[in-house]
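User: I am new to this structure. Please show me how to read it, one feature at a time.

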Amino acid sequence: MVEMRRHGAGSASPLSGKFVVSALPPGESAVQSSSPSIKVVIEGEEIHEIDGRPYVVRPGQMLLVDRGAPSRATVRRNQQTLGLCVYLPWRGDDGFDPNLLLPRAILQATDSNPLGRLIADYAARLHRAPGDAQLPAAMMAQVNASLDGVLSSAGQSIGALEVKKASTRQEIYHRLEIARALLHENIDRAVPLDELARTAGLSGFHLTRYFAAAYGAPPARYHRTLRLDRAAQRLRCTNLAITEVALDAGYAELSAFTHAFRREFGCPPTAIERPRTRLS
């Protein structure tokens, strides 16, 4: 079920779940859901206050919220947001798996997992063509099924943090996800550690240590892999010059890009098979 909503917020359709396409004006909206939900913003900025904590959702981010007490969504003055909220089908008493020690709300980069990309792409499609609001049941089933993998991955990342207190681990994970979102938003440049640390509200030392524990690599290496993966994709799918691809990946020198590319993939950029140019 897809619902177009131009103001306010919706409550879940508990049995089948639904997508609510939103265009929110400035102001506040109460949000109540009896099942988990996922929120993405494709234009503007929304502030969701959940259990007394604000979560700022911007384009390129998604907010996963477990069922529970009502929350509040705020759009600042002189702004309007476009987004999509997915209310997942009700599954009895199931919410986020308590064994994973997850917080009630998790903010992630939509580009960090297939579920985020799926929902963000669908949100953009609905806003481009609002009359095309037919949602196959398979789409909701795919979203619902993908959620478990995202939550499991988040639980593993939280569990990998060597901190005794569960609430502290959750807080550190929240800050790490803010840092990771910044890396996904800026894959056309190198992000200095001090900028990343300020954004996350952690020292550079602790950010590097916890980030590596949660995601398997320190921030610089994680970000380099993101940038080079996109560069390799662009080489495979476009006829852009290698120097242009290098610049788009944040490398001012072709030699530095070639060295990093070879170290990442075991071959130079010139070894990537390029699309054939059509003859006119």
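**Reading the fold**

Analyst: Start with contacts across the sequence. Among contacts between residues at least 6 apart in sequence, 68% join residues at least 24 apart. Keep in mind that this is a predicted model.

User: How many helices and strands does the protein have?

Analyst: There are 8 helices and 10 strands.

User: What share of the residues is buried?

Analyst: Buried residues account for 46% of the 280 in the protein. Now take the surface.

User: Which residues touch the most other members of the largest nonpolar core?

Analyst: A nonpolar core is a set of buried residues of nonpolar types, joined through side-chain atoms within 4.5 Å. The largest one here has 48 residues. Ile38, Leu64, Leu84, Val86, Val143, Leu176 and Leu207 touch the most other members. Helix 2, residues 137–159, gives the largest share of this core, with 8 residues. Another core lies apart from it and has 13 residues, including Ala232, Ala246, Phe261 and Ile272.

User: What does Val143 touch, leaving out residues up to four places away in sequence?

Analyst: Val143 touches Phe19, Ile38, Val86, Leu88, Leu115, Leu118 and Ile119.

User: Next, helix packing. At what angle do helix 3 and helix 5 pack?

Analyst: Read the angle against a cut-off: 65 to 115 degrees counts as roughly perpendicular. Helix 3 (residues 166–185) and helix 5 (residues 204–215) pack at about 90 degrees, and their axes are 10 Å apart. The two helices are therefore roughly perpendicular. Helix 3 brings Ile172, Tyr173, Leu176, Glu177, Ala179, Arg180 and Leu183 to the contact. Helix 5 brings Leu207, Tyr210, Phe211, Ala214 and Tyr215. By class, that contact has 10 nonpolar and 2 charged residues, with no polar ones.

User: And how does helix 4 pack with helix 5: at what angle, and through which residues?

Analyst: Helix 4 covers residues 193–200. The angle between helix 4 and helix 5 is about 85 degrees, with the axes 9 Å apart. That makes helix 4 roughly perpendicular to helix 5. Leu193, Leu196, Ala197 and Ala200 of helix 4 meet Gly204, Leu207 and Thr208 of helix 5. This contact divides into 5 nonpolar, 2 polar and no charged residues.

How values were computed
Residues numbered from 1 in each chain as written. Predicted model: local features only at pLDDT ≥ 70, side-chain atom pairs only at ≥ 80, totals over all residues. Heavy atoms only, no water. Axes fitted to C-alpha atoms, helices over the stretch in contact; angles between N-to-C directions. Helix = DSSP H or I, 4+ residues; strand = E, 2+ residues; numbered from the N terminus. Parallel < 35°, antiparallel > 145°, perpendicular 65-115°, else oblique. Contact = heavy atoms within 4.5 Å. Nonpolar A, V, L, I, M, F, W, Y, C, P; charged D, E, K, R; others polar. Buried < 20%, exposed > 50% of the residue type's maximum accessible area, 1.4 Å probe, protein only.
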